[in-house]
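Q: Hi, I'm new to this one. Could you walk me through it?

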Amino acid sequence: MSDSLTALDRLVSPTGLPTLGLELPLDNDWGSARLRALRADPSGDGRPFGVADLARHTELARLADQLGFAALWVRDVPLYDPEQFGDAGSVFETFTHLGHLAAVTERAVLGTAAVVLPLRQPLLVAKAAATVDVLSGGRFVLGLASGDRPVEYPLFGEDFHARGATFRAGVETLRAAWAARAGNEGMSLPELGLDADRRLDVLPKPTGHSVPIAIAGHAQQSAEWIAENADASLNYPRPLGALKLRTREWQELTAEAPKPYLTPMQLDLTEDPATPASAIRLGLRTGSEALVEHLRAMGELGVAHVSFNLRPGDRPVDEVLQELAETVLPHFPSAAASTSSTASA
């Protein structure tokens, strides 16, 4: 792998087809078999719906990295809300988890999908993100969101309805904190009440000029603001017709300086490779053959990277990873793999 590749470079294949990643946790929590078991016995194994099985998280992350998946993404769910949302996300604290993943993987890009910025102190996010970036050797993409769970905001002393403005200010602070400065020159953030004579800074600095930022959804911002301030767009999956409209808008807004469009997708991969694709919530139930064709269509519309959430399936996750690596990944090489193949040719 070329050291000159940024984390976002590694998610954009020179073939024009999407690279493929995975959304953690890697378990079967949303599979039909587990849902039936919970209906029969709500106490089950003591792990309620929406709380991931993390027993094999290190083993499976390593396997995904070794098999050649381009990225591993973790979600930021500050508080588990079993009544209204029933989804604890990746369970582990986001940046602690990423530090662990940086140590147990070698190639995969590590990303957040996405950190709820208005609920976090942005200078601490800047320090944590730059730390993961350095520890991973420049393999980090910071996905950011404005959040959508009103109950959380007063608990963190934030106004849910003001989260759009808080988000914009937070992004500005992140960029200022990461900026390289000569000598002992300090940050220029007078709106934070910093004395102009005090030379304070945030360390470490990222491996590049900035940690790449991918903004999830609208984040309470205009499309124009996101195109100007983000390094990538991170959006929920859509039917191909709606996806075409969204990717076309993004391409038009970033025409002078193209930026990648990334999307997650829930996937229930069947054992029969010939199973036709059918829609499930935010994704597909499909065999590998139809999956390849669907991903090709997404690539033709401008999607640079697709991350699979495997939780809706019942098949053992390691089995699904192996099948994807054998039957799907070869059609969608990562930038690193393509660079390596070209160098060896």
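**Overall shape**

A: Happy to! With 345 residues, a compact globule would have a radius of gyration near 20 Å, and the chain agrees because its value is 20 Å (taken over C-alpha atoms; the globule rule is 2.2 Å times the number of residues to the power 0.38). This is a predicted model, where local features need pLDDT of at least 70, side-chain atom pairs count only at pLDDT 80 or more, and totals for chains, interfaces and linings use all residues. Residues are numbered from 1 along each chain as its sequence is written, and side-chain values use heavy atoms, leaving out hydrogens and water.

Q: How much of the chain is buried?

A: Buried residues are 52% of the 345, where buried means under 20% relative accessible area, exposed over 50%, and partly exposed in between (1.4 Å probe, protein chains only).

Q: New topic: where is Asn28?

A: Asn28 sits in the loop between strand E1 (19–23) and helix H1 (32–40); helices (H or I, at least four residues) and strands (E, at least two) are DSSP runs, numbered from the N terminus.

Q: Why does Asn28 count as partly exposed?

A: Because its relative accessibility is 24%.

Q: What does the Asn28 side chain reach?

A: The side chain of Asn28 reaches the backbone oxygen of Arg315, at 3.0 Å.

Q: What about secondary structure, how many helices and strands?

A: The chain has eleven helices and eleven strands.

Methods:
A polar contact is a pair of N or O atoms within 3.5 Å; within protein, one must be able to donate a hydrogen and the other to accept it, and residues adjacent in sequence count only if both atoms are side-chain atoms.
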